[in-house]
Amino acid sequence: MSGLSRRRFLGLAGGAGVLVAAGLVGPRVFRTAAATGELLTSELPLPAPFEVPLPIPAVLSPVSRDADADRYEIVQRQAIAEILPGVRTPIWGYEGTFPGPTIESRRDRTTIVKHRNELPVPTVVHLHGGHTPPESDGYATDLVLPAGAAPHAHGGHALMHDPAAIISHGTREYVYPMQQRAAMLWYHDHRMDFTGPAVYRGLAGLHLVRDDKEDALPLPRGERELPLVITDRAFAADGSLRYPSIDPSLTSVPGVEEPYVEGVFGDVVLVNGAPWPVAEVSATRHRLRVLNGSNARRYDLALDPPPPAGPAFTQIGADQGLLAAPLAHEHVPIAPAERYDLVVDFGAYPVGTEVTLVNRLGTGTTARVMRFRVARRATEDSHIPDRLAEIEPLERARATVTRDFSFRGGMVGGRHGWTIGGEPYSPSRIDARPRLGEVEIWRFVADVHHPIHLHLVDFRVLSRGGRDPGPYDAGRKDTVDLRPGEAVEVIAKFDGYRGRYMFHCHNSEHEDMGMMANFEVI
């Protein structure tokens, strides 16, 4: 798509038929507007919903602090978790839990996390949304080999050698300067070819950045601030997590069985690692920090019943922190890796009301996410300001370069896979070289659903389908949801650090089967 004119680009927004005519669609067929993926069903009886209390991931304590930095240690290890009541499920977890522990950082105060890999395969840790130097960003070939592994044991990457890769043995320190606004980030495994199954087995956790400006706002806090990591999983008859890897050892052949090339859906919805949980809340405003941590499933969240007065959700933030001003929504669509910062006023409901968070894109067991029980009255000590944050505008006229990228299916290594610009991922190919501090426009076209994530930078959505951004595109983002046949423009300032970074689809199955590319800030 190099050199595609803006008129031609915007014309592609007209629908999937135009993409087919333009030759922009690979061998995969178009799905409905709801989803791109295939359902994997569980092989054991599933529990009734709304019986398990909502767990809150533990906040990790630093092992040391000095004048400039907080230091943390995390062990990546195998463990047994009780995800479904009474069922033992083997997981891979940060500190042996799913999700992993939450890290809380302060803006402009360095966080150093030492990871020790006690799993049987190499790992890579990516802080999703972090403005991070390249050596700590979690590039897909920067492996941490298992503790005790032979120095040459790179775990299935011999066919795609990367001479620039940084290989660590057993442990690695990731250094995060945290020179960024308050936001909810998350960390997860990012190993080339095997991100999907590793995250599916449990390698994900939250990382909150706090700052004085956000702390000064009268937003809900403490027990009225709820992190909600929404994922879907399927379970085998023995209680293990069911996933269709070609190589279940995750050591040699990447990818999934052919029916699941478009993405893996599970039939169990988990929130913070619990199936369809219930949270007791007071009749006050609550801040819901929502992450879609699923491999491929998109959700459209709504409240049932809706509040008798006022909006269901007031959005106060996006992927990269607070909006300039709050927005009201009756429902919220969320793609893999996107985050929403939402306020729900449970004071609008009578005490005793049960409010279900539903998924308007789901059916059967995936149509419901969790439930809130309005259990008691309490003093309301929060409100939502009309102005939340100052956000630097990025006007189209500031851009020095415009680049075009198509995201589509194709043949990768003789199998169905996914490409960017018709090419599968290669660590040696650089698809863009933005200059440090300059503003660029990147224009994306999709065949099916693709949530596109840029490392290092945040961006603003400039247009969607040749029109103004949609109601869910507001704020500073690092992941944008592309729908089938859709064209989207984003604008970003490439500041922070020079070096090699990645951009890719965050449907994990697409990512593992070729849909990644490199940019280098020069």
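**Entry 1: strands 11 and 12.** I started with strand 11 (residues 183–189) and strand 12 (residues 204–210), which pair in the antiparallel sense over 6 bridges. For the record, strands are DSSP runs of E with at least two residues, helices are runs of H or I with at least four residues, and both are numbered from the N terminus. Two strands count as paired if DSSP finds at least two bridges between them. Across this pair, M184 stands opposite L208 in strand 12.

Before going on, I noted that this is a predicted model, where local features need pLDDT of at least 70, side-chain atom pairs count only at pLDDT 80 or more, and totals for chains, interfaces and linings use all residues. Residues are numbered from 1 along each chain as its sequence is written, and side-chain values use heavy atoms, with hydrogens and water left out.

Entry 2: Inside it, strand 19 (residues 299–304) runs antiparallel to strand 24 (residues 354–359), joined by 4 bridges. L301 has N359 in strand 24 as its bridge partner.

**Entry 3: strand 10.** I looked at strand 10 (residues 171–176) and saw a covered face made of R172, Y174 and Y176, while T171, E173 and V175 make up the uncovered one. Strand 6 (residues 110–117) pairs with strand 10 in the antiparallel sense over 6 bridges. I112 stands opposite V175 there.

**Entry 4: strand 28.** How many residues of strand 28 (residues 439–446) are buried? I got 8 of 8. Buried means under 20% relative accessible area, exposed means over 50%, and partly exposed is in between (1.4 Å probe, protein chains only). One side holds V439, I441, R443 and V445, the other E440, W442, F444 and A446, and both faces are covered. Strand 26 (residues 401–412) pairs with strand 28 in the parallel sense over 7 bridges, and S406 stands opposite V445. Strand 32 (residues 487–493) is joined to strand 28 by 7 bridges too, but these two run antiparallel.

**Entry 5: I441 up close.** I441 lies in strand 28. It is buried, with a relative accessible area of 3%. Its bridge partner in strand 32 is I491. Leaving aside neighbours within four places in sequence, I441 is in contact (heavy atoms within 4.5 Å) with residues including R396, V401, L462 and V490. L462 is 21 residues away along the chain, and its C-alpha atom is 8.6 Å from that of I441.

**Entry 6: the cores.** Which residues have the most contacts inside the largest nonpolar core? They are F372, W442 and F444, in a core of 82 residues. A nonpolar core is a set of buried Ala, Val, Leu, Ile, Met, Phe, Trp, Tyr and Cys residues joined through side-chain atoms within 4.5 Å. Not counting residues up to four places away in sequence, W442 touches F405, L454, F503 and F519, among others. A second, separate core has 23 residues, including I74, Y174, Y176 and F194.

**Entry 7: the whole chain.** I listed 5 helices and 34 strands for the protein chain. The radius of gyration is 22 Å, close to the 24 Å that the globule rule gives for 522 residues, so the chain is as compact as a globular protein of that length. That radius is taken over C-alpha atoms, and the rule is 2.2 Å times the number of residues to the power 0.38. Buried residues make up 60% of the 522.
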